[in-house]
Amino acid sequence: MNNKTDNPTKINLVKEILAWKKKREAVILAHVYQPGEIQDIADFTGDSLFLSQQAAKTQAKVIVFCGVQFMAETAAILSPKKNILLPEIKAGCPLADMAPYEKVKNKIKELPEVVVVSYVNSSANVKSLSDYCCTSANAVQIAQAIPAERDILFIPDKNLANFTAKRSKRKIIPWQGFCPVHNVLTKEGVIKVKKLHPQALLLVHPECRPEVCNMADYIGSTREIIEFASNNQAKEYIIGTEIGIFHPLRKNNPGKQFFPASENMICQDMKLITLEKVLYSLQSLKPRITVSEDIRKKSLNALNRMIEIT
Ligand code: 13P
Ligand code: SF4
């Protein structure tokens, strides 16, 4: 945190959070789509895969998950004895909501022969119906690990399904969901931004439309995009994912320039978490995310298969 520019209220708030974090023996995990000030107070920041690995690994009794419901639920599935807190209970994921449990169950009944792969951006209930979970960082690896003769039903993101099918060369039946934040980015929009920054490399998330992915110099999860930009020699980048990622990109790469592929790629749910809510969570140990034991055991199988492969 920059003490010269941050106001005293915020400095005090951060101090209180850190004191309560110590008292609760807690860790704070923050997704890179979180507001910058939340990322700055976190013990770990990263993509869904990295954060779920940290949640499984940590010895801390309390995990404050600064992200959205499916991320906190994943942590609760992996670490049932820990106290998993989501500072804003209403922080959901519209993509995950596009695959309701009953509809998924009916689809699986229609297609009993398929292997069901669910993106972690799905509810715990949907994970419990799945054979494997995956994240945007390992979807291709998971698809390739499934016996070649089996078709895959991929839930819920059709764009990630398309990307995975192309890279893994596997037959994938996509669920017709999409992330409203990434789907906003169009080919025409990218062409316009590319004209403004002709030297820039285009880095996009695989939740983007196929025609946008086809134009990209690199396609990866949020963490992979950050790693790519940090290790690459180019000085300019156009970024096709949620704007929260600009915080670590600019912080880690002061000599480079990053431009949004669209100004509209904002996940409102991710922005519901505030410093005040993080403090309240630590003080009250609420809102706590739990998953019923039956659903947890079934969804843990799918998550464990993913973790074993990656
Ligand atoms: P990552 O797994 O790349 O962090 O993406 C999560 C997400 O919600 C993308 O919209
Ligand atoms: Fe869900 Fe999209 Fe927000 Fe990611 S960016 S949490 S997929 S709505």
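So, Ser48: one of its polar side-chain atoms lies 2.9 Å from an oxygen atom of ligand 1. I'm calling that a polar contact, meaning a pair of N or O atoms within 3.5 Å. This is a predicted model, so keep that in mind: local features need pLDDT of at least 70, side-chain atom pairs count only at pLDDT 80 or more, and totals for chains, interfaces and linings use all residues. Residues are numbered from 1 along each chain as its sequence is written, chains are lettered from A and ligands numbered from 1 in the order in which they are written, and side-chain values use heavy atoms, with hydrogens and water left out.

Back to ligand 1. The side chain of His31 puts an N or O atom 2.6 Å from a ligand 1 oxygen, and for the side chain of Asn121 that distance is 3.1 Å. Taken alone, ligand 1 exposes 300 Å², and the protein buries 96% of that; those areas are Shrake-Rupley, with a 1.4 Å probe.

What surrounds ligand 1? Its shell includes Tyr33, Asp47, His182 and Glu207, where being in the shell takes a heavy atom within 4 Å. By class there are 2 nonpolar, 8 polar and 2 charged residues. For the classes, Ala, Val, Leu, Ile, Met, Phe, Trp, Tyr, Cys and Pro are nonpolar, Asp, Glu, Lys and Arg are charged, and the others, Gly among them, are polar.

Now ligand 2. Around it we find, among others, Cys93, Pro94, Leu95, Cys179 and Cys267, and the shell splits into 7 nonpolar, 1 polar and 1 charged.

Most residues other than glycine have a negative phi, and most peptide bonds are trans. The bond from Ile155 to Pro156 is cis, omega near -10 degrees, and Pro156 is in the loop between β7 (152-155) and α9 (158-168). Those elements are DSSP runs: helices (H or I) of at least four residues, strands (E) of at least two, numbered from the N terminus. Lys286 to Pro287 is also cis, omega near -15 degrees.

Note on methods
Polar contact = N/O pair within 3.5 Å; in protein donor to acceptor, adjacent residues only side chain to side chain.
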